[in-house]
Amino acid sequence: MPDLERSYRRLLRAYPGFYRRERGLEILTTLLDAAEPGQVRPSRGDAAHLLVNGLRYRFAPPTWIGRLATGLVAIWAAVVLSGAGALAVWALANPEEPDLAAFSDELVGRPASSAYELPGGNLLDMAYAYRTYGEFQDFAIEGWDGGRPAPMGQSRFYEQVTDTPTVLADAHQHLTSAGWRTGPLSQGGANSQADVNSAHGVFWASRDGVLLRVSGYDNQTGVTVGAYPIEPSGVLAGAITGFAIGLLVVWQAMTWMAHRIARTPRPARRLILLLGLPALIACGVNTLDNVLSMIPDPGSANVLFAADHMYPLANQIANPLAASVIALALIGILSLIAGAARVGRLRPARAAASTGEVAES
Amino acid sequence: MVKTMAMQEPTFFILTALVRATPLHGYGIIQAVEQLSSGRVKLKAGTMYAALDRLTTEGLIVVDREEAVGGRLRRYYTLSDDGRAALEATVARLQSNAQVAASRLREAFGFTGGVQHA
């Protein structure tokens, strides 16, 4: 094969396979027809035009509805896959849950009245539910900037502590002198509602990758000590990578599907639209839900923790309706595409030179 | 379907090139467009086939026949009735636009057919 033809064939790989099958040989023929005598490599202009147009067929859906559908589905998938990226990084880092039960009891000077484990065993359960435990909802106003907690570990409650402010101050001093890095001890609002969420005096401390949160509650008649690992680094990068890969792959797949649907007969197209509509709505609504549930309310003291980046995936497991609607529509549409005749737009008008493509009936 | 939107110049010249008794293949269109536009419009294959795809989808051109010889494939295109109507509509539009501009120039400067320097 001459060099020029080989170069053109390589450039034509910028086009998606379905298009190369339709047009590839024809474009190659025209390129070779147009070549100067003795030309051995494509001109820069030809190469650029082939690359740009090839990528356009990969990434620009053909109709407005194709563009809308591609955008909705690709962004939904990218957001969900950002959760998968975050999960992968988190699982690889595998932060260890600290066991500070005895240490915590010693710090408060009595055995705990009760304890609960955050659901750190299943990462997706954790990402979905950890905020309901309330201990992380005021993080921004608790004066801690020494690393963020992974919401997996144990919280221990000490009830009927008579002098909570003194216990907190002593614990703060003890930890500082024991080499812990300690944050400021806020006195908190002693008169605020008795509520685990609003701490009555709180401070954070860290040492060797472990975070402690010591707080008073119940109008300063109780103390809580929570021990967490520091959240793994790179979770955001994992989420961004998952998003980018999802967007790139699904955008391309949806563009392919839009081109393929444009080549099915009109009745099949109508059916596909009918099937696809609920899925598109599910994509839009679910994306909004994923993003809005993740992003902290600007009026609150919530911050975006690394665990939140897994939320879009966790949400699919906890509430599988949207994903089910989308999956069913996808299966339906793909089987319709597979069963529908392909419209032969490049079928010659003269029967003698048929390409074997099936005509629209 | 007759397109009433403004037609881009390459599209205009592709349709114009196909106003003829015999169909043209890809390279024939490139040559004809260059000639008809006095060398101004030089189509690149990638761009031309994107235009041909669009025109085929819109039904303005049709594939008349194809020739597969020696590992090469040439499709020959002709103007459809819709394509002819679209081109006629565009011609009418361009003519009317040109007339409006010419008459305004005439009113303002009492001169047409070129730029007058004071």
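Trainee: Where in chain A is A:Gly38 found?

Mentor: Please keep in mind that this is a predicted model. A:Gly38 lies in the loop that joins helix H2 (17–34) to helix H3 (44–59) of chain A.

Trainee: What separates the C-alpha atoms of A:Gly38 and A:Leu271?

Mentor: These two residues are 233 residues apart along the chain, and 52 Å separates their C-alpha atoms.

Trainee: Which helices and strands make up chain A, in number?

Mentor: Chain A contains eleven helices and six strands. Its radius of gyration is 30 Å, whereas the globule rule gives 21 Å for 361 residues, so chain A is more spread out than a compact globule. Along the principal axes, the C-alpha atoms of chain A fill a box of roughly 100 × 50 × 30 Å.

Trainee: How many of the 361 residues of chain A count as buried, as a percentage?

Mentor: The buried share is 39%. As for contacts in chain A between residues at least 6 apart in sequence, 74% join residues at least 24 apart.

Trainee: Let us turn to helix packing. What describes two packed helices?

Mentor: Two values are used: the angle between the axes and the distance between those axes. In chain B, helix H1 (residues 9–17) packs with helix H4 (residues 81–109) at about 125°, and their axes are 10 Å apart. H1(B) and H4(B) are therefore oblique to each other. The crossing in which H1(B) passes H4(B) is left-handed.

Trainee: Which residues of H1(B) and H4(B) meet?

Mentor: From H1(B) come B:Phe12, B:Leu15 and B:Thr16, and from H4(B) come B:Gly83, B:Ala86, B:Leu87 and B:Thr90. In this contact of H1(B) with H4(B), four residues are nonpolar, three are polar and none is charged.

Trainee: At what angle do H1(B) and helix H2 (residues 26–36) of chain B pack?

Mentor: The angle between H1(B) and H2(B) is about 110°, with the axes 9 Å apart. Angles of 65 to 115 degrees count as roughly perpendicular, so H1(B) is roughly perpendicular to H2(B). On the H1(B) side, B:Phe13, B:Ile14, B:Thr16 and B:Ala17 take part, and they meet B:Ile29, B:Ala32, B:Val33 and B:Leu36 in H2(B). The residues of this contact of H1(B) with H2(B) comprise seven nonpolar, one polar and no charged.

Notes
Residues numbered from 1 in each chain as written. Chains lettered and ligands numbered in written order. Predicted model: local features only at pLDDT ≥ 70, side-chain atom pairs only at ≥ 80, totals over all residues. Axes fitted to C-alpha atoms, helices over the stretch in contact; angles between N-to-C directions. Helix = DSSP H or I, 4+ residues; strand = E, 2+ residues; numbered from the N terminus. Parallel < 35°, antiparallel > 145°, perpendicular 65-115°, else oblique. Left-handed = near helix turned anticlockwise from the far one by under 90°. Contact = placed C-beta atoms within 7 Å. Nonpolar A, V, L, I, M, F, W, Y, C, P; charged D, E, K, R; others polar. Rg over C-alpha atoms; globule rule 2.2 N^0.38 Å. Buried ≥ 20, exposed ≤ 12 C-beta atoms within 10 Å, placed from the backbone.
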